[in-house]
Amino acid sequence: MLRRTALAVVLAWIVAGAAGMTQAAAAPLRIGYSDWPGFVAWQIAIDKGWLGEAGLDVKFDWFDYSASMEAFAAGKIDGDLVTNGDALVMGAGGARNVIILITDYSNGNDMIVARPGIRTLAELKGKRIGIETGLVDHLLLLDGLKKQGMTRNDVTLVNSKTNETPQVLAAGQVDAIGAWQSNSRLAMKALPGSRPVYTSAQAPGLIYDVLTVNPAGLAAHRADYVKLMQVWERVVSYINDPKTRQDAVQTMSARVGMAPAKYQLLLAGTHLIGIAEAKGVLVKADGLGSLYGSTQNADDFNVHNAVYKQPQRIDAYIEPSLTAGQR
């Protein structure tokens, strides 16, 4: 009797295990996305059913940006849409990931915004700048200072949460702030007469946005990710086509609860990257025109600012073959 009971338990375990494996095999790929035009663009594919048309079982999960990184680190999602620098941050923290797709680069949406009366970045010498240290607009500021022959020591940084920078500037606590849209837009609205004195449009490729995925998941679902990249190409074409651009903006703006006319401005500050352009960006080279050079620059920044301690091996974070294999 005991032997039969034990056998029944074992059989039950086997059946349960098989069911679990079937459920795991049937589970959709889960991708984290958040409020940035190059990420919100995926809403077009979601709403129009293009994922299913491509034979994909993929679910996009909406997060606040930093929460998506935490979800990826916890294994709750298979891939995440982040900046190339933040892909390094996740990896350095133990969440291994590999970049398979470049969605865009910031083309003006990241800004250094100065109070009224300050017209150039050079005029910020000796002034206070509110910025969330260690994040991308800190990187943007240093790039701008360098071009002016200035250094970090020529300004006083006031560590400020990015979403609080509009209030910090309006209250007169600082002379300028660094923020990405829509925080930078809100800062200029909160303090009439304030203006951008340096933007990411002056440093194309400084901040790339990417889809990065779990390496084991990539090995298991490579064909699905190839199809997903083909869907992305369709999305970019739909946004760039004058005949469908307005519908694309309508879809994207609805996702974030913004008027289409205002969202059009955000989209203008984002340079979307299709497959053909991505192939060039994925050529290994120094400088911001290459994802490798840009990511190395981000790594140097992260180490120098103690975001993490050890330099990362850039090649291990970039998988160009999926893009190279696209026609």
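Predicted model: local features only at pLDDT ≥ 70, side-chain atom pairs only at ≥ 80, totals over all residues.

Me: How many strands form the open sheet, and in what order?

Reply: Residues are numbered from 1 along each chain as its sequence is written, and side-chain values use heavy atoms, leaving out hydrogens and water. Strands of a sheet pair through backbone hydrogen bonds, either parallel or antiparallel. Here 5 strands run in the order E7-E6-E8-E5-E9, with mixed pairing. Strands (E, at least two residues) and helices (H or I, at least four) are DSSP runs, numbered from the N terminus; two strands pair if DSSP finds at least two bridges between them.

Me: Which strands stand at the edges?

Reply: E7 (156-159) and E9 (195-199) do; each has a single partner strand, so one side of each is left without a neighbour in the sheet. E9 pairs with E5 (residues 110-114) in the antiparallel sense over 4 bridges, and Ile112 stands opposite Tyr198 in E9.

Me: Which residues touch the most other members of the largest nonpolar core?

Reply: In soluble globular proteins, nonpolar side chains tend to be buried together. A nonpolar core is a set of buried Ala, Val, Leu, Ile, Met, Phe, Trp, Tyr and Cys residues joined through side-chain atoms within 4.5 Å, buried being under 20% relative accessible area with a 1.4 Å probe, protein chains only. Of the 41 residues here, those are Trp42, Phe60, Ile100, Tyr225, Val235 and Ile239. H11 gives the largest share, 9 residues.

Key: Buried < 20%, exposed > 50% of the residue type's maximum accessible area, 1.4 Å probe, protein only.
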